Amino acid sequence: MKGAPVSGTRNLRINGEAKPVEVPADMPLLWVLRDVLGMTGTKFGCGVAQCGACTVHVDGQPTRSCVLPVSAVEGKAVTTIEAASRSDAGARVQRAWLDLEVVQCGYCQSGQIMSAMALLRDKPDPSDADIDAAMSGNICRCGTYVRIREAIKLAAGAPKGRP
Ligand code: FES
Ligand code: FES
C-alpha cells in the first residue's frame, strides 16, 4: 500500500553552503529551492522537463530541477543561478549576456545561462554544433536564440579568469 510521502531532514549543499531542509523525499528540487529556501532565480516553466527554465547544476551537470526528487541530490553539489557569477565561465556568460542585451522577458534566461556556463566550462571554444547540442533543451518563447548564440561566442572569446 502506498502511503503519504515521508518528511525528513534532507541535507542539501547549495552554492557551497549546507542547507538542511525538512521536506518529503519526493518533493522536486525546484519546489525546495523556490518555495522552501526562497531562491527564486530558478524558474518554473513547464514542470515536465521540456523547457529548461528550471536548469541548475548537480555535481556540475545541467539538470532539470522540476522533475528531480530532492532526495536524489543529497550528498551532491547543487549550483543555482544565484551563484553563477562565482565561476569563470558563469561570469563571462553573464557579462556577454549583458553586453549583447540577450534578455527579452527574461523568464527562460536563468536556465539558458546555466546551460551556457556548463558548455563553456567543458568546451571553451564551442562550435555551432556544440552550442546546438548544449542549448537545444532550453526553450525561449521570446526567440532570443540568435543573441544567445552570439553571447556564447562572445563569452568564449573573453579573457579567461579563475576556474
Ligand atoms: S520547468 Fe523544468 S524543464 Fe520546464
Ligand atoms: S527571454 Fe522570454 S522566454 Fe526567453
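Reading from the N terminus, the elements of this protein follow the order β-β-α-β-β-β-α-α-α-α, that is, five helices and five strands (DSSP runs, H or I of at least four residues for helices and E of at least two for strands, numbered from the N terminus). The model is a predicted one, with local features needing pLDDT of at least 70 and side-chain atom pairs counting only at pLDDT 80 or more, while totals for chains, interfaces and linings use all residues. Residues are numbered from 1 along each chain as its sequence is written, and chains are lettered from A and ligands numbered from 1 in the order in which they are written.

As for overall shape, a compact globule of 163 residues would have a radius of gyration near 15 Å, and the protein's 16 Å agrees with that (taken over C-alpha atoms; the rule is 2.2 Å times the number of residues to the power 0.38). Along the principal axes, the C-alpha atoms fill a box of roughly 55 × 35 × 25 Å.

Now to a helix pair. Helix α2 (residues 88-99) and helix α3 (residues 109-122) have axes that come within 8 Å and cross at roughly 125° (lines fitted to C-alpha atoms over the stretch in contact, with angles from 0 to 180 degrees between N-to-C directions). The two are therefore oblique to each other, a class left over once angles under 35 degrees (roughly parallel), over 145 (roughly antiparallel) and 65 to 115 (roughly perpendicular) are set aside. Ala89, Gly90, Arg92, Val93, Gln94 and Trp97 of α2 meet Ile113, Ala116, Met117, Leu120 and Arg121 of α3, contact being C-beta atoms, placed from the backbone, within 7 Å.

Methods: Two residues are in contact if their C-beta atoms, placed from the backbone, lie within 7 Å.
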